[in-house]
Amino acid sequence: MLHAQWLEFYNRRLVLCSRKRFRRVLDIGTGTGIWAIDFADEHPEACVIGVDISRIQPGWVPPNCEFQVDNLELGWTWSQPFDLIHARMLSGCFRNPGSIFKQAYDLEPGGHFEIKDVLLMPRCDDETLKHDSPLLLWASLLARAANNMGRPINLASRYQRMLVEAGFTEVHVVEGRWPTNRWAKDRKPRLFGLWSELTLGRELETISMALLTHGLHWEPEAVLVLCAFVRQEFLNPEVHAYFPVFTAFGMKPLRSPRGTSIAACDMDSVL
Ligand SMILES: C[S@@+](CC[C@H](N)C(=O)[O-])C[C@H]1O[C@@H](n2cnc3c(N)ncnc32)[C@H](O)[C@@H]1O
């Protein structure tokens, strides 16, 4: 369902970078492989590889799509470079996220790396989310737990900077927001709020349990109590909270880099 949410959010675009033709594409941390399968269907000219540490992808896939099992935290061993590397929702997967950006730089010159994620730190523009809110407490506890476990979450707002640090050029970032519930009046944000209710709202316990029991040594019962309070606020349309969503992309320079620029784009200008 999250794949559908991302697709709808970006007007059915699988990537936001301006590249139009693709030969070799890698989807890292591909999960069920749904992005890779859709991308392979959309670009029959491309060879698409999805890689994940877990073998949970289907066997019935387009002929130009294949899945591989590998640990991305170990050295990458692909012998031929890619012209697009895609990464989505990999927050908290890696001990050293910077090294993933460096490995992704091993693209064809002119190739793109695009990474997107939700920042699990709610924001609010009208003070209906109070400073002592369970939702904010929950988000900061998750961040602390993830740090204790050595796998930081909430890096999405830093992705454009990390792209620059890895050597990418023509770096762009597109920032959006997913309301926590149906509080928004306009059709599109309201739709995404409904979606959040169904995805993040339903998965609160799943998202929280491993992090809080391992990272902060909470008892499972305490996690369930916290989640009950969080859900109440999460679903309360009087609370106008949203999760920031970031997509950042950059290009490996065709020649040796001469300095780079960061551009923040308005979502409408990219879509
Ligand atoms: C939240 S899922 C995202 C799935 C997919 N990118 C999507 O957007 O639908 C994160 C995925 O990263 C994979 N993953 C985590 N650590 C990994 C690693 N070290 N190497 C390869 N895959 C990893 C997990 O197995 C999981 O499938």
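**Ground rules**

I number residues from 1 along each chain as its sequence is written, and I use heavy atoms for side-chain values, leaving out hydrogens and water. As the model is predicted, local features need pLDDT of at least 70 and side-chain atom pairs count only at pLDDT 80 or more, while totals for chains, interfaces and linings use all residues.

The side chain of D52 has an N or O atom 2.6 Å from an oxygen atom of the ligand. N71 brings a polar side-chain atom to 2.8 Å from a ligand nitrogen. On its own the ligand has 600 Å² of accessible area, and the protein covers 79% of that. I take these areas from the Shrake-Rupley method with a 1.4 Å probe; for residues, only the protein chains shown count as cover.

**E114**

Is E114 buried or exposed? I call a residue buried under 20% relative accessible area, exposed over 50% and partly exposed in between (1.4 Å probe, protein chains only). E114 counts as buried because its relative accessibility is 0%. I find E114 in strand β5, residues 112-118; helices (H or I, at least four residues) and strands (E, at least two) are DSSP runs, numbered from the N terminus. Its side chain reaches the backbone nitrogen of C17 at 2.9 Å. For contacts I use heavy atoms within 4.5 Å. Leaving out residues up to four places away in sequence, E114 touches L14, V15, L16, C17, I85, H86, A87, T247, A248 and F249.

**Cysteines**

I then checked for disulfides, meaning cysteine sulfur pairs within 2.5 Å. The count is zero. For C65, the nearest cysteine sulfur belongs to C47 and is 8.7 Å away. C65 is buried because its relative accessibility is 6%. C93 has a relative accessible area of 36%, so I log it as partly exposed.

I looked at α5, residues 159-166, and found it largely enclosed by the rest of the structure, because six of its eight residues are buried. Those six are Y159, Q160, M162, L163, V164 and A166. G167 follows α5, with a positive phi near 110°.

Helix α7 has twelve residues, 204-215, and spans 16 Å from first C-alpha to last, close to the expected 16 Å. I get the expected span as 1.5 Å times one less than the number of residues. Its buried residues are L204, S208, L211, L212, T213 and G215. They pack against α4 (134-148), α6 (187-201) and α8 (220-234). After α7 comes H217, whose phi is positive, near 60°.

**V173**

My last entry is V173 in strand β7, residues 169-179. V173 is buried because its relative accessible area is 7%. From V173 to L135, 38 residues apart along the chain, I noted a C-alpha separation of 26 Å.

Technical notes. A polar contact is a pair of N or O atoms within 3.5 Å; within protein, one must be able to donate a hydrogen and the other to accept it, and residues adjacent in sequence count only if both atoms are side-chain atoms.
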